[in-house]
Number of protein chains: 2
Amino acid sequence: MKIEYKLIKNDNKARLGKLKTNYGEYDTPMFMPVGTRATVKSLSPDELYEVGSGIALANTYHLWLRPGEDTIKKAGGLHKFMNYKRPILTDSGGFQVFSLAKNKEKDITEEGVHFKSHLDGSNLLLTPEKSIEIQNKLDSDIAMSFDECPPYPVSYEYMKKSVERTLRWAKRGKDVHNNPNQALFGIVQGGEFTDLREYSCKETVKIDFDGYSIGGTSVGESKEVMYKMIDDGIRYLPVDKVRYLMGVGDPIDILEAVERGIDIFDCVLPTRIARHGQAFTRNGKINLNNARFKEDFTPVEEECDCYACRNFTKGYIRHLITTKETLGGRLLSIHNIRFLIKLTEEIREAIKDDIFLEYKEQFINKYSK
Amino acid sequence: MKIEYKLIKNDNKARLGKLKTNYGEYDTPMFMPVGTRATVKSLSPDELYEVGSGIALANTYHLWLRPGEDTIKKAGGLHKFMNYKRPILTDSGGFQVFSLAKNKEKDITEEGVHFKSHLDGSNLLLTPEKSIEIQNKLDSDIAMSFDECPPYPVSYEYMKKSVERTLRWAKRGKDVHNNPNQALFGIVQGGEFTDLREYSCKETVKIDFDGYSIGGTSVGESKEVMYKMIDDGIRYLPVDKVRYLMGVGDPIDILEAVERGIDIFDCVLPTRIARHGQAFTRNGKINLNNARFKEDFTPVEEECDCYACRNFTKGYIRHLITTKETLGGRLLSIHNIRFLIKLTEEIREAIKDDIFLEYKEQFINKYSK
């Protein structure tokens, strides 16, 4: 099986859905934690299960470089390699090529992208075929098409050419994709240009993928532009396929995107800010480096059900963060991922009860006050 | 209650015992993991319980500097601060003062040790009274006397003066100790000088502590000298008090020390080598950075019951170590601590069956081959 998405109900444009995978059924909207190098930084698979994680992400670019897709194939695929018994989505590597290439030097040709490894500066070429071949070997449950993700802003002319090339790349990737247990998603691009988003979306849908992603967000644009990018693409996506907004994990952005019809999200934010001592709370983010937490012996959030909040205080976690003890980032990662997953659980309840917009407003009022 | 040690039986000089504490009863010989800054690096308390940890260590010097003993007292003591529900032993801070003082500059006077903080170079003074006062506030179950731990080698004359001063410091510490739920241990010094070890031991026992430690080992001496240091002191210790060899965690050293009558051990070795990719196995240490493990998809040890060995392969852990992902050091820390604790479990069985020396020989033959 690949995957099956079933729309359960709408609340305005917000969608409650069910995703059937080779590794169980999961409800959407869903937040997916990011395991860049086949590990969600500092956490064990059991800790991910405990916070309610469904699909986890892994990065094709990083795993291609180390340990290499052939090594992971020999291990029996990504699931066995990292011992994660729930679904895994791999990105295409495109975003990393564009953001991590050494000196940002790259040469984008019709064939693919020539660039230098961020590790040793060696010359590398990633093509749509290569990206799919790597992902086939990684044996993730969902593979992503290789696309160009231009920065913001670029000219209309550049974006038009880029969108067309990305469509040709998407087609080439689909042609070589040959893992019968792996779904393949298409990616809508087009920047902030409404007509290009429409064009990219309609043409990507014509190629016919198992799910669709809104790409090209979180690359420097304002929130308003990002929300418009979603609106401009999503209206042309089929209702019976899952919709994925890449790289978004801010709680307010998740709510805004769900309102617009997005089903799944991923972001390094919860683990990255955790390592820097920041925690999500219902009243906004807090920074445990702040001296006012030194003798605060209450949990990060009294009402939170995560391992960190059930067992440790802000004062202790602050001590771990300020002394650079890794247990600190680990505990805050658990809390922050749980926070976003709990948010999606509440979002699903709200959609079920047709009160999503009220829920969203209440959440944002408290979070932003 | 302070603590109570009961000698169950001897097998030659090796001792099987039971330690009654405010946080439960534990069998000895026992290995104690080290939680320098109130955290056994990268591990949660639950992971420590799972590997069979009894007493855990914490470092007075580090906690004095950050977050400060008053903060930990306000948290309700170390147990509550770090949420460790088994016994805790705190060292005196002496070893860190001698090993970590900025530029190794220190001025040892009768009053105590003047030195500069390794964090900010500020002038600090640690005295026997101050060390005990800090440990009283930390509210550990076992406090250690403040001693001078000279490097190896020093002259006989220096060591003699040092031993006498350490005895005066031990007495001063005991005089101010006033935590009725905390045991206080004395420390035997004397370097490699047999008569000074005898003198230090007899005089320390006269002060009458709740347990005794053999100090001044692992400071640069050879294995043979270290074993002699144990022999020279231990013969004068009372049989009804627990005996602690500080800073020793090499499997062979543990066996040699148990043979000589030691009951408890601590060492940063299992967690430190874990962070560098090394794992204990029955056939000796292995280094997972070695390329031969890249595609080795078997556990670190097939027969090991730890979380790491039950769930992950050498190839995966190697990937984590070589890409500097903290889950790697965490998994190897779990394995290495479990390895030493399992070793002490087997040692206890062997003593029970009067086959300790055979067990020791078998273990060492396999480990050193």
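How many helices and strands does chain A have? The points below take up that count and then the sheets, helix pairs and chain contact of this predicted model.

1. Overall make-up of chain A. Chain A has 15 helices and 16 strands. Its radius of gyration is 20 Å, close to the 21 Å that the globule rule gives for 369 residues, so chain A is as compact as a globular protein of that length. The C-alpha trace of chain A spans about 60 × 50 × 40 Å along its principal axes.

2. The β1-β2 hairpin of chain B. Strand β1(B), residues 4-11, pairs with strand β2(B), residues 14-21, in the antiparallel sense, and seven bridges hold the pairing. Asp11(B) stands opposite Ala14(B) of β2(B). Two residues lie between the strands of this hairpin, and Asn12(B) takes a positive phi near 55° there.

3. From β2 to β3 in chain B. A second pairing of β2(B) is with strand β3(B), residues 24-28; these strands are antiparallel and share five bridges. Lys18(B) has Asp27(B) of β3(B) as its bridge partner. The link from β2(B) to β3(B) is a hairpin through two residues.

4. The β7-β8-β9 sheet of chain B. In chain B, three strands form an open sheet in the order β7-β8-β9, with antiparallel pairing. The edges are β7(B), residues 106-108, and β9(B), residues 123-126; each has a single partner strand, so one side of each is left without a neighbour in the sheet. Neighbouring strands of this sheet are turned by 15° against each other on average, direction ignored. Strand β8(B), residues 113-116, runs antiparallel to β9(B) and is joined to that strand by four bridges. For a residue to look at in this pairing, take His114(B), whose bridge partner in β9(B) is Leu125(B).

5. The β7-β8-β9 sheet of chain A. Chain A also has an open sheet of three strands in the order β7-β8-β9, and the pairing is antiparallel. Here β7(A), residues 106-108, and β9(A), residues 123-126, are the edge strands, and each pairs on one side only. The twist from one strand to the next averages 15°. Between β7(A) and strand β8(A), residues 113-116, there are three bridges in the antiparallel sense. Asp107(A) has His114(A) of β8(A) as its bridge partner.

6. Helices α13 and α14 of chain A. Two packed helices are described by the angle between their axes and the distance between the axes. Helix α13(A), residues 314-322, packs against helix α14(A), residues 326-352, at an angle of about 130°, and the axes are 6 Å apart. At that angle α13(A) is oblique to α14(A). The crossing of the two helices is left-handed. On the α13(A) side, the contact is made by Ile317(A), Leu320(A) and Ile321(A); on the α14(A) side, by Leu327(A), Gly328(A), Leu331(A) and Leu332(A). By class, these contact residues are six nonpolar, one polar and no charged.

7. Helices α7 and α8 of chain B. The axes of helix α7(B), residues 156-176, and helix α8(B), residues 194-207, come within 10 Å and cross at roughly 10°. The two helices are therefore roughly parallel to each other. From α7(B), the contact takes in Met159(B), Lys160(B), Val163(B), Leu167(B), Ala170(B), Lys171(B) and Lys174(B). From α8(B), the contact takes in Leu196(B), Tyr199(B), Ser200(B), Glu203(B), Thr204(B) and Ile207(B). Seven of the residues in the contact of α7(B) with α8(B) are nonpolar, two are polar and four are charged.

8. The contact between the chains. How many residues of chain B are in contact with chain A? There are 29, and they touch 29 residues of chain A. On the chain B side, at least two residues each come from α3(B) (69-74), α4(B) (78-82), α13(B) (314-322) and α14(B) (326-352). Among the elements of chain B, α13(B) gives the most to this side, with five residues. The side of chain B that touches chain A has 10 nonpolar, 12 polar and seven charged residues.

Terms used
Residues are numbered from 1 along each chain as its sequence is written. Chains are lettered from A and ligands numbered from 1 in the order in which they are written. This is a predicted model: local features need pLDDT of at least 70, side-chain atom pairs count only at pLDDT 80 or more; totals for chains, interfaces and linings use all residues. Two strands pair if DSSP finds at least two bridges between them. Axes are lines fitted to C-alpha atoms, for helices over the stretch in contact, and angles run from 0 to 180 degrees between N-to-C directions. Angles under 35 degrees count as roughly parallel, over 145 as roughly antiparallel, 65 to 115 as roughly perpendicular and the rest as oblique. A crossing is left-handed if the near helix is turned anticlockwise from the far one by less than a right angle, and right-handed if clockwise. Two residues are in contact if their C-beta atoms, placed from the backbone, lie within 7 Å. Ala, Val, Leu, Ile, Met, Phe, Trp, Tyr, Cys and Pro count as nonpolar, Asp, Glu, Lys and Arg as charged, and the others, Gly among them, as polar. The radius of gyration is taken over C-alpha atoms; the globule rule is 2.2 Å times the number of residues to the power 0.38.
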